[in-house]
Amino acid sequence: MPMPTEHAISGLHITDHRIEVPLDWSRPNDPERLSVFYREVCASAKRDENLPLLVFLQGGPGGKSPRPTAEGPGWLHEALKRYRVILPDQRGTGRSSRITAEVMQGLGSNDGAGDYLTHFDAHAIVADLEHIRQSHYDGASWSTLGQSYGGFVTLTYLSWAPEALTRCYVTGGLASLAPDPDEVYRRTHRRVIDKMDAYLERFPADRQRLDAIADHLLNHEVHLPNGDVLTVRRLQSLGLLLGMGDGTETLHWLFEEAFEDDRQQRLNHHFLVEVMHLTGFDENPLFGAIHEHIYASPERACDWAAQRQREQLPEFDESHRPLTLTGEMVYPWMFDEIAALKPFREGVKALAEKRLAKPFYDVERLANNPVPVAALIYFDDMYVDAELSLATARTTANLRYWITNEYEHDGLRQDPLVFRRLQAMLDD
């Protein structure tokens, strides 16, 4: 593996590392290997200090760690007052060995592709982190900060390797400990309807704009710049943004310029470029590929639970007016219509039928958890249902929680005071 590289960004000292890990941790000597990239960041003035370690667990699944700048993210600069921060690109993302179309196309059978995708779950992420901790940091314990799916990974870490952890912070990521994908998507689809109602109440003119775009797509074949056909259901998937702090504004300004002029006869090229990027999964196809599988268990596979729940709600029909956007759900049609996801189609179909060999969470161990945990639950969270999160908070020992509707799902990114308060909850 290459030697670490060092560089500086105004007030930050950054060291980049890369380590080799097995694809399948149940067969650590297997020749098939992956590369995992992680970045170590500290305040320049504290470069030589023996600082406690904080590992950031990114959301997603399938998201890479944030790239630090002199200005942000705000939580990072808050954390650097106390910690040396580790920013890993989880396997399959960012500068770690990425899952690409070429990789998936070379896997052959459906089952082979589905089996390959199972090696990118929370168990594998925790195993990678443990390898980094033991090999690079001499087995020193560390703290974690888990945002969204990073909170799911935190619960897996607490379940199977709690001895590694000093304390844990979680924002918008307390998963249900008894995952039922149908219940999860039943709740989150209804959350999306609530967010949609609030959005149209705030921007009532967008009701007509959205309906006009949908009607145009039903009557014309519109191609995105990459050649994909823009369907109504792909347009609806822009609703992923509704659960973020600035999501409604982003959508409002996007739809405002959807048509070239007031005659509404032709969609604006810039609008099509933006829709292509926002709905294309080009940067994180792993998000689409394993999204439902994070709710699997040894008792049941997911088997397209989001699609089943969508079909129960007429509000999400493409012909319904006013048009209702969807959320972060992944549906089977995406692997037929979205260029970046087409190579994953057969593997994802096989994955949808797979149960876990080992649960992500050990309920008994979490009930006796010795590691201090501070969790922020977003009351109106569109992606992680607050009631399910509260049930987890109440059955996990040594966990203190703060619940608020002051922020959306990305409150950690929006306000550095969020992380400061979580630290204070455990300092007390």
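This is a predicted model: local features need pLDDT of at least 70, side-chain atom pairs count only at pLDDT 80 or more; totals for chains, interfaces and linings use all residues.

Biologist: Is Y295 buried or exposed?

Modeller: Y295 has a relative accessible area of 6%, so this residue is buried too. For contrast, take V363, which is found in helix 15 (residues 363–367). V363 comes out at 45% relative accessibility and therefore counts as partly exposed. Between V363 and A178 there are 185 residues in sequence, yet their C-alpha atoms are 8.4 Å apart in space.

Biologist: How do I read a pair of aromatic rings?

Modeller: Two values describe such a pair: the distance of the centres and the angle of the planes. Searching the whole structure gives 12 aromatic pairs. In one of them, the ring centres of Y185 and Y295 are 5.6 Å apart and the planes stand at 85 degrees, so the pair is edge-to-face.

Biologist: Which parts of the chain does this pair link?

Modeller: Distant ones: Y185 sits in helix 6 (residues 181–202), while Y295 is in the loop between helix 11 (285–290) and helix 12 (305–310), and the two are 110 residues apart. Y185 and Y295 also belong to one aromatic cluster with Y149 and F152.

Biologist: Which charged ends sit over a ring?

Modeller: The charged end of R310 lies over the ring of Y331, 4.8 Å from the ring centre. K358 places its charged end over the ring of W160, and there the distance to the centre is 4.2 Å.

Biologist: Now strands. How many residues of strand 6 are buried?

Modeller: Strand 6 (residues 142–147) is mostly covered, with six of its six residues buried. Look next at the direction of the residues: W142, T144 and G146 point one way, S143, L145 and Q147 point the other way, and all are buried. W142, for instance, has a relative accessible area of 1% and so is buried. The C-alpha atom of W142 is 32 Å from that of P181, though the two residues are 39 apart along the chain.

Biologist: Which strands does strand 6 pair with?

Modeller: Strand 4 (residues 53–57) pairs with strand 6 in the parallel sense over four bridges. Strand 6 is also joined to strand 7 (residues 165–171) by five bridges, and these two run parallel.

Biologist: How does the pairing go on from strand 7?

Modeller: Strand 7 and strand 8 run parallel and are joined by four bridges. Strand 8 (residues 373–378) has six of its six residues buried, so the rest of the structure largely encloses this strand. V373, A375 and I377 point one way from strand 8, and A374, L376 and Y378 the other way. L376 in strand 8 stands opposite T171, and in strand 9 the bridge partner of L376 is W402. Six bridges join strand 8 to strand 9 (residues 399–404), again in parallel. The chain gets from strand 8 to strand 9 through helix 16 (residues 386–395), and this β-α-β crossover is right-handed.

Biologist: Last, how is empty space found?

Modeller: A probe the size of a water molecule, rolled over the atoms, shows where empty space is left. The largest pocket here has a volume of about 1,400 Å³. Lining this pocket are 43 residues, and Q58, G63, L240, M244 and N284 are the closest to its centre. Helix 9 (247–256), helix 10 (269–279) and helix 17 (411–414) are the elements that give two or more residues to the lining. Helix 10 gives the most, with three residues.

Biologist: And how many cavities of 30 Å³ or more does the structure hold?

Modeller: Eight. The largest cavity has a volume of about 110 Å³. Its lining has 13 residues, and F152, A175, S176, V184 and Y295 lie nearest the centre.

Note on methods:
Residues are numbered from 1 along each chain as its sequence is written. Side-chain values use heavy atoms; hydrogens and water are left out. Rings of Phe, Tyr and Trp (its six-membered ring) pair if their centres lie within 6.5 Å; planes under 30 degrees apart count as stacked, over 60 as edge-to-face and the rest as tilted. Buried means under 20% relative accessible area, exposed over 50%, partly exposed in between (1.4 Å probe, protein chains only). A charge sits over a ring if NZ of Lys or CZ of Arg is within 6 Å of the ring centre and within 35 degrees of the ring normal. Two strands pair if DSSP finds at least two bridges between them. On a 1 Å grid over the protein atoms alone, a cavity is a set of points where a 1.4 Å probe fits but cannot get out, and a pocket is an open set with protein on both sides within 12 Å along at least five of seven lines; lining residues have an atom within 4 Å of a point. Grid points are joined across faces, edges and corners, and a volume is the space filled by probe spheres set on the points. A crossover is right-handed if, with the strands pointing away from the viewer, the path from the first strand over the helix to the second runs clockwise.
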